[in-house]
Amino acid sequence: MRRERLRLNFKDWRLRTKFLFSFLLLIFLSLAMSSVLHYYASTNLMKGMSSRSSALLLEQVALNFEQKIQEVEELSFAQYKNAGFCPMMIDKDKNNYDDIAKEQSIRQFLYKMVYSNAIFPYAAVYDRNGEMYAQFRLGSTNHPVLSGFKLSKADIERLNDKRGQTIWSQGDEEIIFMKRAMYDLQSSAYCGSLVLGVESEYFKSIYPHSEESGEIMYTNGEGELIIYNNSFSEELFLAAAAREDQEFYHGNKKYIHISNSTSDSRWRLHNIISFNQFTSYMKTIQFWLLVTFIVAFAAAFINAALLSKSITNKLYILVNRMKTLSVGALDTVIRTDGRDEIGIIAEKFNGMAAKIKELIHEASQEKLKKERAEYKQLEFEYKALQAQMNPHFLYNTLESIHSMAKINGQQEIGQSIYLLGRLIRESISRKRDFIALREEIQFIRDYLTLQGITYESRLQVKYEIEESALEWIVPRFILQPILENAIIHGIEKKSGVGIIHIRCCDKGEHLMLEVEDNGVGIREDMIQALLREEEYALTAADSGSGSGGTRVGVRSVHKRLRILFGADYGIEIRSELHQGTRIIIKLPKTGKEDIHAGDESGGY
């Protein structure tokens, strides 16, 4: 739906706007595509260069790192070899003096390891029985990783399996651990285990710390992260390890992960570089791309504006003349300078305007004649309906009066004759087309009183009249045809007591008059026929019967209301077979001043 609306809006644009928009869109897309392709090509080139540079850096760092690892391992080996406590740890025939000498020798070794080498804040020796001798450098005892470290039995067994090879394990971002089993050089017998806490900064110093180089981390042969800068570095490594691709996302940033192994495959180095770090070199390229784009787009805009203006100036004249014609200026003529396509359109437009003027004049004359003829026919029908009294009603009423004269005396007969005379005077004598609703209600009261004489106890009438509605002006003679229809076609054909409800309601801006009966009801097709506009004309068949006359009355009331007040007013019929019918008349609230104003202007 939205795409369809945009398409329609584009069709409504002026031709100059279409030219300008289309040309600018083409230029914009071309420049944007060229800039984007250039930017991504440059980015990929920089990414490739950074990847190669990172690989070379890792290769050099790996050599230096391997050298430092070897230095630490050789240093630890030389120190415990020269300490000479290994045979004491193996001797089974030792006495208490030997134990004291062994402990002193171990303590001296540990003290020398910690205070003679700045990179060892912690050193510990485990004898063959698992007893631990530890030495902390001053200030390191509170370090949580060092104070809580202890070799487990499984760790000692694992060191034995390595046969003197070192095992490096993780501590935290500041401390890592080097562990190895110790053997007597003479007998090659196992004498214990050595654990050294090594400051990780010793290894971090071999590579540059900068944003361009990114994060460099080290893992051991088991893939355990050993050396890293901080907790964020650890998060980056875990995110990279979870992806097989070289590129990955962490948070909202993109990273590149490059790794390389040492020559002995015991260590693997990882370099993680933020994508933004090497794209920072693209800022200069981005600036000049933007400048080029703006200059080219501005030049294209000026060119498109001049081109579209030269094409559409004549079309603007044509459009303005068409707008003038659309508001009723039928004498509009377009003068053109040439015989190009626009000139031909202007010539045809002038001929069309003259033809439209002629057709509008003819149509208005025909419409005026038709309206006059329709109203005269409707007025004739309405006057004829006012002038007549249904013979069926008159005959029955006179017969009732005659019977009552024989049975009940002259008082009721006189009353009946009086009401009949007043009803006839209301139907025939008055010339006004509009009366107060109070007068219309009094008229139907007289009418229904006489009908009550005819139908005796078979007819009951209930009134629900709002006092505020009685003073409003309504068209004369709009309720009697509805009531006659209810009695003849609804109640007369039904056995039992017939009940008619008459309601008059003030609904704010409208008056609602309702006539409801409990008669036999009306079929839906008959309701449609009564209200269908093509049925309004009085046919010979309709005028020839009482029932037909009633149908003409209902139709005439409906059409008269729609002519007087518009299509929002008229009659609504709701009916159910064998249940009854409800007819609702909707009227505007009209006062005497409105009627007089209508009369002065030639109204009804």
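## Exercises around strand β1

This predicted model has 19 helices and 17 strands.

**Exercise 1.** Work out how much of the protein counts as buried, and what share of its exposed area carbon and sulfur atoms supply.

*Solution.* Start with burial: 40% of the 604 residues count as buried, with the cut-off at under 20% relative accessible area. Then take the surface: the protein exposes about 34400 Å², and 54% of that comes from carbon and sulfur atoms.

**Exercise 2.** Is strand β1 (residues 122-126) largely enclosed or left open, and why?

*Solution.* Step one, count: five of the five residues in β1 are buried, so the rest of the structure largely encloses this strand. Step two, recall how side chains sit: in a regular strand they alternate between the two faces of the sheet. Step three, sort the residues by side: Tyr122, Ala124 and Tyr126 lie on one, Ala123 and Val125 on the other, and all of them are buried. Both faces of β1 are therefore covered.

**Exercise 3.** Find which strands pair with β1, and in what sense.

*Solution.* First partner: β2 (residues 132-136) pairs with β1 in the antiparallel sense, over five bridges. Here alanine 124 stands opposite alanine 134 of β2.

**Exercise 4.** Which residue in the turn between β1 and β2 has a positive phi?

*Solution.* These two strands form a hairpin with five residues between them. Check the turn and you'll land on glycine 130, with phi at about 85 degrees.

Note on methods:
Residues numbered from 1 in each chain as written. Predicted model: local features only at pLDDT ≥ 70, side-chain atom pairs only at ≥ 80, totals over all residues. Heavy atoms only, no water. Helix = DSSP H or I, 4+ residues; strand = E, 2+ residues; numbered from the N terminus. Buried < 20%, exposed > 50% of the residue type's maximum accessible area, 1.4 Å probe, protein only. Areas by Shrake-Rupley, 256 points an atom, 1.4 Å probe, with all protein chains shown as cover. Pairing = 2+ DSSP bridges.
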